[in-house]
Amino acid sequence: MAAQAAVAGAGFVKEVLPPSLDSSSEPPALFDGTSRLYIAYICPFAQRTWITRNVKGLQEKIKLVPIDLQNRPAWYKEKVYSANKVPSLEYNNEVKGESLDLIKYIDEAFEGPALLPDDPAKRQFAEELFSYTDDFSLANYKSLPSPADIGDEVVAAYDKIEDALSKFDDGPFFLGQFSLVDIAYAPFIERFQIFFAELKNYDITSGRPKLALWIEELNKIDAYKHTRQDPQELLASMKKRLGILPAARL
């Protein structure tokens, strides 16, 4: 893919991130011709669309509107997106949702480097991997509350990822070159690597050199790195979700 230099972060300009809007916040001037991407900084589904926007170089074309998911403004559900979820995209007087649909739509509808190859075999494999994202995430999330060690389902999930990363040899990413497939998995693997290391003492890259290289190369992409969240904040959020109390200070 000729655009790999751009995708790798050349020319990426780090932006000042806006504060999250909560129930006390006024809405933006909705449907005024401005393209807006509604996200939550901590949400992995929203992060997919945020990465896509950044990699495409659309910081000036699509405005980020972060939402506080713990204290959502009523106008978001009433006037923007009735599903009351993130991400959503306000564009051409319409609002679209669902992260996998949105990353494909942003790639097709806006300028910037193409994030899916023309090769039919690679596109078919991309669709197979898109279809697997929910099963992959579910296997991981189901394992976290269990007091037992890592189960076979999680091991099989990461072995499948390792095998997928071995299919094409023209680069370290799922389709060889960086693509929407990497964007679809990046926010989740970013989190699960932290969660399993801290909560299960399990290294997802152990015995999986392709996965280790994928994470290393992914972290060289500025357009992705700028969307990463503080690992301790992610871990604290997951512990709260699992009902794990913080250790008492002595």
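In the predicted model, strand β1 (residues 35-39) and strand β3 (residues 88-91) run antiparallel and are joined by three bridges, with L37 finding its bridge partner in L89 of β3. These strands belong to an open sheet of four, arranged in the order β2-β1-β3-β4 with mixed pairing. Because β2 (62-66) and β4 (94-97) each have a single partner strand, they stand at the edges, and one side of each is left without a neighbour in the sheet. From one strand to the next, the twist averages 20°. Helix α2 (residues 44-55) packs on the sheet through β1 and β2, its direction making about 145° with that of β1, whereas helix α4 (residues 99-109) lies across β2, β3 and β4 and runs at about 35° to β3.

The structure holds 19 aromatic pairs. In one of them, the ring centres of Y38 and Y76 are 5.4 Å apart and the planes stand at 50°, so the pair is tilted. This pair links distant parts of the chain, since Y38 lies in strand β1 and Y76 in helix α3 (residues 74-80), 38 residues apart; both Y38 and Y76 are buried. An edge-to-face pair is formed by F136 and Y185, with 5.6 Å from centre to centre and 65° between the planes. As F136 lies in helix α5 (residues 120-143) and Y185 in helix α7 (residues 180-199), the pair ties together parts that are 49 residues apart in sequence. F136 is buried, with a relative accessible area of 0%, and Y185 likewise counts as buried at 1% relative accessibility.

Charged side chains also meet aromatic rings: the charged end of K122 sits over the ring of F168, 5.2 Å from its centre, and that of R241 sits over the ring of Y141, 4.9 Å from its centre.

Technical notes:
Residues numbered from 1 in each chain as written. Predicted model: local features only at pLDDT ≥ 70, side-chain atom pairs only at ≥ 80, totals over all residues. Heavy atoms only, no water. Pairing = 2+ DSSP bridges. Helix = DSSP H or I, 4+ residues; strand = E, 2+ residues; numbered from the N terminus. Axes fitted to C-alpha atoms, helices over the stretch in contact; angles between N-to-C directions. Contact = heavy atoms within 4.5 Å. Phe/Tyr/Trp six-rings, centres within 6.5 Å; stacked < 30°, edge-to-face > 60°. Buried < 20%, exposed > 50% of the residue type's maximum accessible area, 1.4 Å probe, protein only. Lys NZ or Arg CZ within 6 Å of the ring centre and 35° of its normal.
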